[in-house]
Amino acid sequence: MSKHLGLIVPPAAGLVPPDAAIVYPGQSFLAEGLGLGEMTNRGYDSVIASVGAAARRLAERGAQVIALMGTSLSFYRGPDFNAALEQEIADSSGLPALTMSSAILDAISHLGVRRLAVATAYRDEVNDALLRFLEAAGLEALSLEHLGIASIDEVHAVGEDEVTELAQRALAAAPDAEAVLISCGGLATRAAVRTIETDTGIPVISSPLAGLWATMHAAGLDPRAQGIGRLFETAPAH
């Protein structure tokens, strides 16, 4: 019997991210939206109390694992808050739980890298929180390039070419980086992963793809997928 993977997504529409069907065709995903309007501390504060209820709704709909698919939504108050969010989701749903912030850390660990070129969609206050979160995990951000976006609608409108160029700028500014991190679950990142890994051989970890990879693993499913990037080439240890 196939498993249903539950995703708590920032936009109000509560749609399953399009990457899910591309990376894992045939896999069942369910989604619930939070109604986040802007990627700011004020915006996160306005929806964070709804996470537990969204987790319960997904459990009622038959989800068997639940992931909070918003990177900044889970790292903006630091690692302890991220861990508390995971516990709240688990307690509310009775299911295995993870956040996208934990997913990117797991992906970075799986690839065995530490020195990062970082590309984000965020404004300064969110970028600062990301840098603190990465530092607390023992990681080093050698560069940070960003789009300066707050609006959720605006981030979903960013084209693949712009994301690729952003990530390339981050890597160019950090020639000693071992990997590129693209942080923001709303960005279209598959083209950037493909282009940079093909051109440089350096792995790329992106929020939306790492989130799906980690959700599959948390459900006890094989997260490997062909043609998606280095992260998806080998299964993590259980």
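**A helix, a loop and a pocket**

Modeller: In this predicted model, the buried residues of helix H5 are Phe-81, Asn-82, Leu-85, Glu-86, Ile-89 and Ser-93. They lie on the same side of H5, because they cover an arc of only 145° around the axis.

Colleague: Why would residues spaced like that point the same way?

Modeller: An α-helix has 3.6 residues a turn, so residues three or four places apart point the same way.

Colleague: Which residues are exposed on the other side of H5?

Modeller: Those are Asp-80 and Asp-91.

Colleague: What span should H5 have, and how far apart are its end C-alpha atoms?

Modeller: H5 has 15 residues, 79-93, and at 1.5 Å a residue they should span 21 Å; the end C-alpha atoms are 21 Å apart, which agrees.

Colleague: What follows H5?

Modeller: Gly-94 follows, and its phi is positive, near 70°.

Colleague: Let us change topic. Where is Cys-184?

Modeller: Cys-184 is in the loop between strand S7 (179-183) and helix H10 (190-200). Its phi is near 155°, a positive value in a residue other than glycine. Most residues other than glycine have a negative phi.

Colleague: Is Cys-184 buried or exposed?

Modeller: Cys-184 counts as buried, because its relative accessibility is 2% and the cut-off for buried is under 20%.

Colleague: And what volume does the largest pocket have?

Modeller: Its volume is about 580 Å³. Of the 33 residues lining this pocket, Pro-17, Pro-18, His-156, Gly-185 and Gly-186 are the closest to its centre. By class, the lining has 22 nonpolar, eight polar and three charged residues.

Methods:
Residues numbered from 1 in each chain as written. Predicted model: local features only at pLDDT ≥ 70, side-chain atom pairs only at ≥ 80, totals over all residues. Heavy atoms only, no water. 1 Å grid on protein atoms, 1.4 Å probe; cavity = no way out; pocket = protein on both sides within 12 Å on 5 of 7 lines; lining within 4 Å. Points joined across faces, edges and corners; volume = space filled by probe spheres on them. Nonpolar A, V, L, I, M, F, W, Y, C, P; charged D, E, K, R; others polar. Helix = DSSP H or I, 4+ residues; strand = E, 2+ residues; numbered from the N terminus. Buried < 20%, exposed > 50% of the residue type's maximum accessible area, 1.4 Å probe, protein only. Expected span 1.5 Å × (residues − 1). Arc of directions from axis to C-beta.
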